[in-house]
Amino acid sequence: VQPLGVSGGTAAFYKLRLLRPPAPRSVEYYVGKDLSHARDEVLFYEQARMLKRAGGQGFGPLLSFMLDYKGVALICADGVAQPQQVLVLRNLCDGCKRLRMLDIKIGERTADAGWQGKSRVAAIKHDVLDGLTTSAVEGYRVEGFDAPPPAFSTMDPLMDVSRFWKVHKMRVRKKARRFMLQRMPASEIMMHFLDVHQEPPDPGDAQLPFIWSATEIAEVALHEMCCRLSALSVACRRAPAPQKWVGSSVALGFDAGFLPSRQEPDTSVRRRVRVNIFDWGRSELNTLDRHESLVEDERRDRGAFWQYYVGGVDRLAWSVARCYHHRFGCTVADGWASLHIVVYDFDSLSSNDFIGQVMLPLSMATSEDTTVVLQDQSGRPARSFRGPHATLTYRVRYRTYPESSRLAGAWCVTIVRADHLPARDKLAHTSDPFALLLATSGSGLLRFRQQTSVVERNLCPCWDETFELPVARSESSLSQGLEASAPGLGGDLPGLLPPAGAAASAEEADRALAAWGERLDQANRLMLQARADLRRAKLEGLLSGGG
């Protein structure tokens, strides 16, 4: 037994090894969670296990998304003097070389005074945090990001502060990074989550006929997440009674550490995708019998918090599907038409400062480095006071994928470097530049975005980072996947999944999200009707056979 440290919250985890694992489980199938920080979860997991043994009692679809629970064990961990009690749970990292995972706390309210031991003061603190983060706006917020891409790691939330005094305490840095995550909107966090331009390493054109690329891994993984999240939304609607799951989370993850052989099917990638619900310290399993025994105020309370939870899951599923649509929905017929590259100065304490921009057509490849002058927001050359014009050096080529791939090809855009950038930090007379790529399809309906690493204190940054703008082989991959997991959800996706950011108004996004919820309601009704029809057919078959 080995300590694994703390992930996301405050509970420590321990690496467990099964002595005689039953097939097909591996020796690392389970992980231990420190019981001293998870005592409130034991009752929930035990109730869930009892429901599974009793046939689910209507919770079957939801229970399938929960972590496999084995019980409580007493362990002796390496380097720990006293024996530890741990919850034995499914190890999400099992079977993955490098699991990149988001811990997403669901609900626009993540605490309730007097509920499951939560004090009034602590609840007020959480209410303030909900208002300062994306919880109040989007219905969820990111609490943890395991194995982030290298470019994301260069975004130091204390970069501006550390110029004036050193921040040595790791605890302060961890809290600052966590607060940065909590405030990131879904479109930005998904951009970083799916950033594979540096990790895993590209196999190269010579190996591409034999090995998957990182972009293909991201496409299949995101497609699987779309399908499972829409199924989770429907499963929430099939719960027999409203639940009060306060502060619980959804885990989204995929293996960012391996590139399989072309001979392996996409199921090898999908098996390494994680979509699970967990963290039940402030939650209860409200069965139908229990719900009927509650007083009216308690029923309304359960109903209100269940709306928070379902609304957060719906919006998360919609945000992930929107990300897939704009990232992997561009086909050969439409094609990426233009590229907008914007250079910013990264600011950890305020909004990023604009430095310069350039618009490039994606009509031909330029295998050699090309240098262009950056323009300011008025269209004039960007420059520092009495300095030379700021420039950006790039190159572009088109890459064709093998016939077996779900992608037809990709535009490979390399941001080589920038020179003579103006200083946006007036006190330090420097900048912390990064480049943001914004691609637009020929129809103007699809928009792709990705950014480079942040280069600290440099007016002539050298990135030499290559990004792929994927071109899909089929335009129906997402619609077919959504239709299979939630009947009726896969039609008319362009109107249902508008672009994120300034390209779409808040009203347009709200209308699309409302339409998404209505389709999920319809999918639930269709699935319930299909089950009723199947039962009726079986009953008629029995009656006719008996006759």
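Tutor: Let us begin with a definition: a salt bridge is a side-chain nitrogen of Lys or Arg within 4 Å of a carboxyl oxygen of Asp or Glu. Please keep in mind that this is a predicted model.

Student: Why is the meeting of arginine 25 and aspartate 68 called a salt bridge?

Tutor: Their side chains come to 3.3 Å, N to O. The limit is 4 Å, so the pair qualifies as a salt bridge. Arginine 25 belongs to the loop between strand E2 (12–15) and strand E3 (30–34), and aspartate 68 to the loop between helix H2 (60–63) and strand E4 (69–75), so the pair ties together parts that are 43 residues apart in sequence. A search of the whole structure finds 41 salt bridges.

Student: What makes arginine 25 buried, partly exposed or exposed?

Tutor: Its relative accessible area is 30%. Buried means under 20% and exposed means over 50%, with partly exposed in between. Arginine 25 is therefore partly exposed.

Student: How do you know that arginine 399 and aspartate 205 form a salt bridge?

Tutor: The closest N and O atoms of arginine 399 and aspartate 205 are 2.9 Å apart, and the cut-off is 4 Å. With 3% relative accessibility, arginine 399 counts as buried, whereas aspartate 205, at 42%, counts as partly exposed.

Student: What makes lysine 244 buried or exposed?

Tutor: Lysine 244 has a relative accessible area of 2%. Buried means under 20%, so lysine 244 is buried. Its place is in the loop between H8 and E8.

Student: Why is the approach of lysine 244 to aspartate 112 called a polar contact?

Tutor: The two side chains are joined at 2.6 Å, and the limit for a pair of N or O atoms is 3.5 Å. Lysine 244 also makes a side-chain polar contact of 2.7 Å with aspartate 301. Leaving aside neighbours within four places in sequence, the residues in contact with lysine 244 include Trp115, Arg282 and Phe305.

Student: What makes the strands E7, E6, E8 and E9 an open sheet?

Tutor: The order is E7-E6-E8-E9, with antiparallel pairing. Strand E7 (140–146) and strand E9 (274–278) are the edge strands, as each pairs on one side only. Neighbouring strands of this sheet are turned by 20° against each other on average, direction ignored.

Student: How do you know that E6 pairs with E7?

Tutor: At least two bridges are needed for two strands to pair. Strand E6 (residues 99–106) and E7 are joined by six bridges in the antiparallel sense. Seven bridges join E6 to strand E8 (residues 249–255), again antiparallel. Lysine 105 shows both sides: it stands opposite arginine 141 in E7, and its bridge partner in E8 is serine 249. Aspartate 103 stands opposite glycine 144 in E7.

Student: Why is E6 said to be largely enclosed by the rest of the structure?

Tutor: Eight of the eight residues of E6 are buried, so the strand is largely enclosed. Both faces are covered: Leu99, Met101, Asp103 and Lys105 are buried on one side, and Arg100, Leu102, Ile104 and Ile106 on the other.

Student: How do you know that arginine 141 and glutamate 143 are buried or exposed?

Tutor: Arginine 141 has a relative accessible area of 1% and glutamate 143 has 5%. The limit for buried is under 20%, so both residues are buried. Their side chains meet in a salt bridge of 2.5 Å, N to O.

Student: Which residues touch the most other members of the largest nonpolar core?

Tutor: Of its 95 residues, these are Met225, Trp245, Leu252, Ile277 and Trp516. Helix H8 (residues 214–237) gives the largest share of this core, 13 residues. A second, separate core has 31 residues, among them Val343, Leu362, Leu392 and Leu437.

Technical notes
Residues are numbered from 1 along each chain as its sequence is written. This is a predicted model: local features need pLDDT of at least 70, side-chain atom pairs count only at pLDDT 80 or more; totals for chains, interfaces and linings use all residues. Side-chain values use heavy atoms; hydrogens and water are left out. Helices (H or I, at least four residues) and strands (E, at least two) are DSSP runs, numbered from the N terminus. Axes are lines fitted to C-alpha atoms, for helices over the stretch in contact, and angles run from 0 to 180 degrees between N-to-C directions. A nonpolar core is a set of buried Ala, Val, Leu, Ile, Met, Phe, Trp, Tyr and Cys residues joined through side-chain atoms within 4.5 Å. Buried means under 20% relative accessible area, exposed over 50%, partly exposed in between (1.4 Å probe, protein chains only). A polar contact is a pair of N or O atoms within 3.5 Å; within protein, one must be able to donate a hydrogen and the other to accept it, and residues adjacent in sequence count only if both atoms are side-chain atoms. Contact means heavy atoms within 4.5 Å.
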